[in-house]
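Welcome! Take a look at the sequence and the model, then read on.

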Amino acid sequence: MSKVTVEEWTARFRAIGLDDAAMEQWHRLFERENPEGHQEFLEWLGLSAERIAAIRKHHA
């Protein structure tokens, strides 16, 4: 499976009408309901360990 960039993922969210607030809510929900899955998703996007930690801390 080929990688999807953060920019592509964000563009898809925007294409279905999600704004920044809705994307924040999506991350918070993902982190709360499935923290391991959120971690794996962020890794799949190819983010650095530091960026993943910052995202997860922000949305905890």
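H59 touches E24, H27, R28 and E31, leaving out residues up to four places away in sequence. Please keep in mind that this model is predicted. The points below begin with H59, then turn to the aromatic rings and end with the largest nonpolar core.

**Around H59**
- You will find H59 in the segment that comes after α4, the helix covering residues 49–58.
- Is H59 buried or exposed? H59 counts as buried because its relative accessible area is 6%, and buried means under 20%.
- One of the residues that H59 touches is E24, and the side chains of H59 and E24 are also joined by a polar contact of 3.1 Å.

**Aromatic rings**
- How many aromatic pairs does a search of the whole structure find? The search finds eight.
- Among them is the pair of F13 and W26, with 5.0 Å from centre to centre and 70° between the planes, an edge-to-face arrangement.
- This pair links distant parts of the chain: F13 sits in helix α1 (residues 6–15) and W26 in helix α2 (residues 20–33), 13 residues apart.
- F13 is buried, at 11% relative accessible area, while W26 counts as partly exposed, at 24% relative accessibility.
- W26 also pairs with F30: their ring centres are 5.2 Å apart and their planes meet at 75°, so this pair is edge-to-face too, the cut-off being over 60 degrees.
- Why are W26 and F30 separated by about one helical turn? The reason is that they are four residues apart in helix α2.
- F13, W26 and F30 belong to one aromatic cluster, which also includes W9, F41 and W44.

**The largest nonpolar core**
- Which residues make up the largest nonpolar core? There are six in all: F41, L42, L45, L47, I52 and I55.
- Helices α3 (35–44) and α4 each supply at least two residues of this core.

How values were computed:
Residues numbered from 1 in each chain as written. Predicted model: local features only at pLDDT ≥ 70, side-chain atom pairs only at ≥ 80, totals over all residues. Heavy atoms only, no water. Phe/Tyr/Trp six-rings, centres within 6.5 Å; stacked < 30°, edge-to-face > 60°. Buried < 20%, exposed > 50% of the residue type's maximum accessible area, 1.4 Å probe, protein only. Polar contact = N/O pair within 3.5 Å; in protein donor to acceptor, adjacent residues only side chain to side chain. Contact = heavy atoms within 4.5 Å. Core = buried A, V, L, I, M, F, W, Y, C linked by side-chain atoms within 4.5 Å.
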